[in-house]
Amino acid sequence: MVKGANVALSALSENAGSVIVSLSWSSPNGEGDADVSVLLLGANGKVRDNADFFFYNNPAAADGTVQLLGATPTENGTEDRIRLDLTAIPGDVDRVIVAASRHRRAHFGELENIRLVVTDGSGDGLLGFSIDGASTESAFVFGEVYRRGDAWKFRAIGQGYDSGLAGLATDYGIEIDEDDEQDGDGPGGAGEGVEAAEIPEVSEVAVVAVETVVADVSGATGEAAVEARATTTVPAGAVEVAVSASATVPAQSGSEPAATEPASAPAPAAARRLRTAKKKVTLPRASKASLAENDTWRAARLFPASSLKSDREREMRATSVLLAVMTQVPEFGRRLTAAFGAPTGRMEAFTEVSLPHGDSPKRPDGVIRVERAGKLWTALVETKTNGNALKDEQIQAYMDIAARRGYEAVITLSNDVALEGSSLVEVKTDGRRKHKVALWHLSWAEVTHQAQLLIRHEGVRNEAHAWLLQELLHYLQHDNSGCHGFQNMGPAWVPVRNGIDEETLTPGDPRSVQVVESWERLIRQVCLRLGGELGAKVVPVQRARRGTDPQSRRAELAHRLCVDGQLRAEIRVEGAPGVLGVVADLRMGRLRTSIEIPAPEQGYPLSWVKRLMRQLAEAPADLHVQTLLEGDGVGPRGTLEKLRPEPGDLLPKGSEGITGFRLSLSKSVGHTRGNAETGFIRGVDAAVDVFHSHVVTRLERPRPAQRRATAPGTAA
């Protein structure tokens with residue numbers, strides 16, 4: 001579509017009552033992100049109240065009509081998806097605005113491939129719209145879905161705002177406090193004791209949430225210590241209760257009453273007049289001392305895994321355990337199914353269901369059904385554990401059954417990680433059928449990731465639900481569950497390693513592309529695991545020329561693998577001072593992790609290197625540090641062991657300016673496949689863990705340059 005064009009959604013698909021709106025973008029250096037938002041407008045072009053504004057701290061409507069599904073990495077950037085149930089949008093809502101905004105001092109001109117795509121409930125693409133020529137805009141209205149009689153239409157807008165999210169929100173009737181226009185670090189901003197990073201955009205929009213933590217220490221007399229949430233630390237032996245003061249959101253049906261306990265510390269001005277939302281519970285990271293007589297006693301588990309003996313048993317147990325927890329913990333169930341187009345509603349799940357198919361019935365591992373307003377959404381589930389692969393003919397049969405019975409989706413679940421442009425199974429769909437079935441894939445690593453985010457960082461509505469998630473997580477991580485995630489580099493791994501060692505691997509060998517795909521799956525799993533543990537956004541960075549498709553990019557990486565014997569990846573960790581690099585040199589049998597950090601804006605070079613040595617006081621002694629110079633040059637380097645007593649050795653002998661420092665750690669990497677502790681996969685996992693925890697977390701995030709102070713009466 002072109003800017004200003006409009007089209008009736010019903011004319012594009014019979015399944016347009018529920019649509020997924022995807023916003024995507026990329027950047028040349030792999031950096032850069034934006035936050036999506038949705039506004040519901042009445043006939044006057046304004047929101048009915050602040051509850052009609054959906055964003056990162058208010059991601060879903062209570063009735064399920066709007067759900068922000070979250071951002072996911074793509075081959076060239078980031079994609080953020082929104083689900084809209086147009087059949088249930090309230091009658092007094094005339095338009096649905098879809099927008100995105102960037103943080104302060106960032107603009108859309110720094111991004112590329114800015115695009116909106118709308119798909120129907122079966123996953124088929126309906127329309128696309130690209131925004132070209134972005135420059136200084138820090139917010140964009142991508143488009144709107146609006147009523148025309150009984151039908152819904154889409155209009156491509158592409159209107160930018162230099163005034164950011166605040167300017168966009170004001171245009172549509174969102175109330176902005178005057179104090180919110182000030183910088184979050186100054187008076188009227190985030191407020192003393194609250195980190196600005198914990199209150200995104202608080203200085204722009206009054207409806208942004210301010211989280212607090214209520215630590216109800218076991219054994220106390222009932223008093224709760226309330227403090228502004230600045231970290232995710234949970235006191236040992238305590239239950240963390242996160243109270244989010246966000247935009248007014250209608251209560252979920254069947255949920256607990258809204259928390260009304262007042263905080264002992266004053267809330268920031270932007271949040272004082274907003275109603276407190278539900279309390280959320282996370283389990284403590286450290287439990288009290290055990291009552292067991294000795295270490296041989298094992299705690300009773302809700303989902304025991306030690307007795308499992310066969311793959312069939314593992315598949316049946318894993319499917320039943322997962323589906324049961326999804327139905328009992330609404331936040332968890334919605335999080336997993338919303339990404340597949342399921343509505344918000346009453347969920348039930350079934351296992352070992354027999355469905356007719358030709359001469360013999362088929363028995364998918366599970367069935368998920370969601371009921372809302374008398375309508376049913378149904379998905380068949382096929383599960384694999386350990387290294388077992390999904391079977392094309394089996395998934396084809398389930399797709400055919402789902403199409404005949406009017407089901408909406410087939411969900412595959414295995415230890416494999418899906419990649420864009422690379423399918424795990426090959427199935428054919430009958431284009432003559434009016435009812436189309438969507439095929440989705442979920443990895444066990446992503447299930448674990450979502451469970452970790454909820455019970456360790458974001459919280460659920462009550463402690464019993466948090467305990468259920470904890471038991472699920474314990475089961476998934478048990479050695480005998482078979483749900484450990486991506487575990488095998490594939491059949492091409494050994495021949496390619498041998499070809500590199502013997503110098504017989506030639507460019508164009510198709511097995512090298514298979515190894516590159518396995519490498520990408522491994523890196524994506526590393527990101528999921530690390531992101532779940534940190535409660536932060538961790539995504540792979542894909543640097544590619546504009547317009548490069550995934551297959552072409554992988555072919556280029558495979559060519560480099562054949563030439564230099566190296567697999568390369570970059571990982572962006574939210575809050576880190578730079579991008580984490582991972583290089584597996586298969587020819588040398590070494591794995592190198594690294595990060596480049598910029599030099600401070602102020603001060604002297606000798607003070608920079610001394611400060612860096614202090615930050616790395618507890619880092620491994622064999623960590624290499626190298627000085628980066630202007631013009632992409634490199635300067636002196638050395639290990640921490642040698643540099644600690646003489647940090648000045650990092651300074652260049654000439655007059656070249658220092659632009660930053662490169663920190664790298666190298667270790668030998670295993671050659672074997674599979675589950676062995678010395679294996680390549682676990683070696684990569686461990687190397688990233690060590691580098692992040694012992695190096696990256698020690699580094700200070702660089703502060704933006706500040707204007708130098710001048711004495712009164714002097715020129716600046």
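Predicted model: local features only at pLDDT ≥ 70, side-chain atom pairs only at ≥ 80, totals over all residues.
Student: OK. Which residues form the positive surface patch?
Tutor: Four arginines form it: Arg-560, Arg-568, Arg-592 and Arg-637.

Student: Take Arg-568. Where does it lie, and how accessible is it?
Tutor: Arg-568 lies in strand β22, which covers residues 566-573. Its relative accessibility is 38%, so it counts as partly exposed.

Student: Step back a bit. What does the secondary structure of the chain come to?
Tutor: Twelve helices and 27 strands.

Student: And how much of the chain counts as buried?
Tutor: 50% of the 716 residues. The accessible surface comes to about 33500 Å². Carbon and sulfur atoms account for 49% of that surface.

Student: What about contacts between residues at least 6 apart in sequence? What share joins residues at least 24 apart?
Tutor: That share is 70%.

Student: Now salt bridges. How many does the structure hold?
Tutor: The structure holds 23. One of them pairs Asp-92 with Arg-48, with the closest N and O atoms 2.9 Å apart. That pair links distant parts of the chain, 44 residues apart. Asp-92 is in the loop between β6 and β7, and Arg-48 is in the loop between β3 and β4.

Student: Which helices hold Arg-554 and Glu-520?
Tutor: First the bridge itself: Arg-554 and Glu-520 form a salt bridge, with the closest N and O atoms 3.2 Å apart. Arg-554 lies in helix α9 (residues 550-564) and Glu-520 in helix α8, so the pair ties together parts 34 residues apart in sequence. Both Arg-554 and Glu-520 are buried.

Student: What does Arg-314 pair with?
Tutor: Asp-311, in a salt bridge of 3.4 Å, N to O. Both residues lie in helix α2, three residues apart, about one turn of the helix. Arg-314 is buried, with a relative accessible area of 11%. Asp-311 is partly exposed at 30%.

Student: What else is Arg-314 in contact with, leaving aside neighbours within four places in sequence?
Tutor: The contacts of Arg-314 include Leu-308, Thr-385, Asn-386, Tyr-475 and Asn-480.

Student: Which side chain of opposite charge is nearest to Arg-81?
Tutor: Glu-79, at 4.6 Å. A salt bridge needs a side-chain nitrogen of Lys or Arg within 4 Å of a carboxyl oxygen of Asp or Glu. Arg-81 is buried yet has no salt bridge.

Student: Where is Arg-81, and what does it touch beyond four places in sequence?
Tutor: Arg-81 sits in strand β6, residues 77-85. Among the residues it touches are Ile-20, Gln-67, Ala-339 and Trp-440.

Student: Back to networks. Which residues are linked in a network of salt bridges?
Tutor: Arg-312, Glu-315, Glu-352 and Asp-365.

Student: What is phi of Glu-352?
Tutor: Near 55°, a positive value in a residue other than glycine. Glu-352 is in the loop between β16 and β17. Its relative accessible area is 29%, which makes it partly exposed.

Student: And what is phi of Glu-503?
Tutor: Near 60°, again a positive value in a residue other than glycine. Glu-503 is in the loop between α7 and α8. It counts as exposed, at 67% relative accessibility.

Student: New topic: Val-96. Where is it, and is it buried or exposed?
Tutor: Val-96 is in strand β7, residues 95-101. It is buried, with a relative accessible area of 0%. Beyond four places in sequence, it touches residues including Val-38, Leu-40, Leu-84, Ile-89 and Val-145.

Student: Last one, Tyr-161. What strand is it in, and how accessible is it?
Tutor: Tyr-161 is in strand β11, residues 151-161. It is buried at 7% relative accessible area. Its C-alpha is 8.4 Å from that of Val-141, 20 residues apart along the chain. Tyr-161 also touches Val-141, and others including Glu-137, Leu-168 and Tyr-172.

Terms used: Residues numbered from 1 in each chain as written. Heavy atoms only, no water. Patch = residues over 30% accessible without salt bridge, like charges linked within 9 Å, V, L, I, M, F, W, Y side chains within 5 Å. Areas by Shrake-Rupley, 256 points an atom, 1.4 Å probe, with all protein chains shown as cover. Lys, Arg positive; Asp, Glu negative; His and termini not counted. Charge placed at Lys NZ, Arg CZ, Asp CG, Glu CD. Helix = DSSP H or I, 4+ residues; strand = E, 2+ residues; numbered from the N terminus. Buried < 20%, exposed > 50% of the residue type's maximum accessible area, 1.4 Å probe, protein only. Contact = heavy atoms within 4.5 Å.
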